[in-house]
Amino acid sequence: MSRLTIVMYHYVRPLARTRFPAIKGLDTAAFDEQLAYVQRHYTVIDISQLIAALDGGEPLPLRPALLSFDDGVMDHYTYAFPRLAARGMKAVFFPPASVAIDRKLLDVNRVHYILASGADLGAIVTYIDARCTDVAAEWKLQPVAAYREQYWAANRFDPAPVIYVKRMLQHALPSRLRAMLAAELFGRYVSSDETAFAEELYMSVDHLRVMATAGMNIGSHGDAHHWLGRMDRSGQQKDILSSLRLLEALGIEHDQYTMCYPYGDYNADTIDLLKASGFKAAFTTECDLANVTEAHRYTLARLDTNDLPKKADAAPNVWTERANA
Ligand SMILES: [Zn+2]
């Protein structure tokens with residue numbers, strides 16, 4: 001059968017007209033072009049069609065595509081939702097429960113904004129290293145050189161210093177210390193009012209309800225956007241169950257529950273817990289076309305928006321060719 005192309009989006013906004021134009025996001029003009037490209041080459045499906053196909057019901061149409069939006073940022077309501085609706089496209093949105101309900105700024109977004117603040121990257125690295133050296137004994141840290149050795153490495157999205165800052169502030173350091181350093185850097189370079197910032201950055205439950213009523217699907221992205229695969233089973237269970245408060249508040253049908261792993265991170269415990277809680281499918285950040293089979297139900301691969309052309313009339317690229325195969 002034909003494989004499913006799942007596209008992953010994060011920030012989508014008119015970058016040049018925003019306060020942080022350096023944020024790594026998709027410009028709305030490019031988003032418009034990509035939606036037109038997707039419409040030319042694919043049939044966009046929704047979550048219920050995916051779940052039906054996984055359950056052995058109605059097979060998917062030819063060259064199916066599913067659009068997914070992570071992290072619950074306001075961009076999705078302001079810029080993506082009206083564009084999707086205008087084209088009659090459905091999509092699935094994955095807001096962490098704590099951002100929609102408690103309006104808490106996530107580490108992941110704090111770090112994105114620090115990096116987009118215009119502050120010198122070298123100065124940010126120096127600040128982190130100096131603070132880690134200062135508090136090394138108190139927090140039982142490794143020497144800075146050991147962190148450098150482990151995390152100073154480019155990936156397909158970011159150069160080495162950016163990955164280093166992200167990994168140090170996202171999981172390498174003890175959680176209370178990294179939260180403290182991220183808050184210090186955020187206060188210094190981005191904003192002194194995190195609460196107001198989060199209020200502006202994220203969709204509320206009411207925004208999500210409007211989208212759900214219009215036929216968009218909302219899935220879980222955890223409660224506090226943790227690296228689930230690095231947590232013990234009971235910690236994972238607590239976060240996953242707590243994330244359900246958002247799906248319940250939105251009245252999402254239990255047989256439509258899906259999970260998108262924060263940071264694409266999960267392990268065998270995560271999958272067991274999802275099965276036990278009645279989740280029907282789960283999405284990773286593995287870059288590939290998804291196999292819509294029982295064996296891959298909780299490990300569905302996704303492409304990043306940058307893996308597909310951002311021109312309506314672009315020739316089919318390698319991923320589109322593969323979807324045709
Ligand atoms: Zn996320």
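**Reading a buried residue and its surroundings**

Tutor: H225 counts as buried, because its relative accessibility is 6%; buried means under 20% relative accessible area, exposed over 50% and partly exposed in between, with a 1.4 Å probe and protein chains only. Please note that this is a predicted model, in which local features need pLDDT of at least 70 and side-chain atom pairs count only at pLDDT 80 or more, while totals for chains, interfaces and linings use all residues. Residues are numbered from 1 along each chain as its sequence is written, and side-chain values use heavy atoms, with hydrogens and water left out.

Student: Where is H225 placed?

Tutor: H225 is in the loop between strand 7 (217-218) and helix 13 (233-249). Helices (H or I, at least four residues) and strands (E, at least two) are DSSP runs, numbered from the N terminus.

Student: Which residues coordinate the zinc ion?

Tutor: Donors are N, O and S atoms within 2.8 Å of the metal (3.2 Å for Na, K and Ca); water is not among the atoms, so sites may look incomplete. Here the zinc ion is coordinated by D71 (OD), H221 (NE2) and H225 (NE2), at 2.1 to 2.2 Å. The spacing of these donor residues in sequence is D-x149-H-x3-H. D71 lies in the loop between strand 5 (64-70) and helix 3 (75-86), and H221 in the loop between strand 7 and helix 13, so the pair ties together parts that are 150 residues apart in sequence.

Student: Are D71 and H221 buried or exposed?

Tutor: Both D71 and H221 are buried.

Student: How are two packed helices described?

Tutor: They are described by the angle between their axes and the distance between the axes. Axes are lines fitted to C-alpha atoms, for helices over the stretch in contact, and angles run from 0 to 180 degrees between N-to-C directions. Helix 5 (residues 107-116) and helix 10 (residues 175-189) pack at about 40°, with their axes 10 Å apart. Contact, meaning heavy atoms within 4.5 Å, is made by D107, R110, Y113 and I114 of helix 5 with R178, A182, A183, L185 and F186 of helix 10.
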